[in-house]
Amino acid sequence: MNANQELILELIRDVPDWPKPGVVFKDITPLLASPKGFEAAVDELVALAPGPIDIVVGMEARGFIFAAPVALKLGAGFVPVRKPGKLPGAVDEQSFALEYGHETLTIHTNALWPGARVMVIDDVLATGGTVGATAALIKRQGAELVHVAVLMELGFLDGREKLTELGADTLSAVVTV
């Protein structure tokens, strides 16, 4: 483990029994409040990029926080994936199961182009539902999903295995808990 990863782990706070009893929520707000911690997180995510990237996709809402600065550092564009009703104009949508229920994500139908090299960035990989739905949206637009990078993987939830089943098998995590 490098110094950035150690700092990141030190700045992630466990919140027991939130949002429901039995869940230990991983709170990244202390990490975001630390300029050194936030910079370390972005630098580690940038380092996971496999070659040139055209577009970095981030999912609502915490994925936006990391994906936008990663896109800037990579010289790539940023495309948001949002909840229904948040993007104007024509959108494609994908529904999926969450660890706490069901959700739907949307992307503009013209956000990507065939052959675009896309990297997905998110804060946490839990069960894989959010990243899996995003991967489906990217692939339907003909873009190439070249890599998924997350700040933190909750290894005990087996999200990586679900993503492999969905064909999104290029995944890296800065830290795994």
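1. Leaving aside residues up to four places away in sequence, K26 touches I12, R13, D14, R62, M152, L154 and V177, where a contact means heavy atoms within 4.5 Å. This is a predicted model, in which local features need pLDDT of at least 70 and side-chain atom pairs count only at pLDDT 80 or more, while totals for chains, interfaces and linings use all residues. Residues are numbered from 1 along each chain as its sequence is written, and side-chain values use heavy atoms, with hydrogens and water left out.

2. K26 lies in strand 2, which covers residues 24-27; strands are DSSP runs of E of at least two residues, helices are runs of H or I of at least four, and both are numbered from the N terminus. K26 counts as buried at 18% relative accessibility, given that buried means under 20% relative accessible area, exposed over 50%, and partly exposed in between, with a 1.4 Å probe and protein chains only.

3. H147 sits in strand 8, residues 144-153, and is buried, with a relative accessible area of 8%. Residues up to four places away in sequence not being counted, H147 touches L48, P50, V118, M119, V120, T170, L171 and S172.

4. Turning to the whole chain, the protein has 6 helices and 9 strands. Its radius of gyration is 15 Å, close to the 16 Å that the globule rule gives for 177 residues, so the chain is as compact as a globular protein of that length; the radius is taken over C-alpha atoms, and the rule is 2.2 Å times the number of residues to the power 0.38.

5. Buried residues make up 46% of the 177 residues in the protein chain. Of the contacts between residues at least 6 apart in sequence, 63% join residues at least 24 apart.
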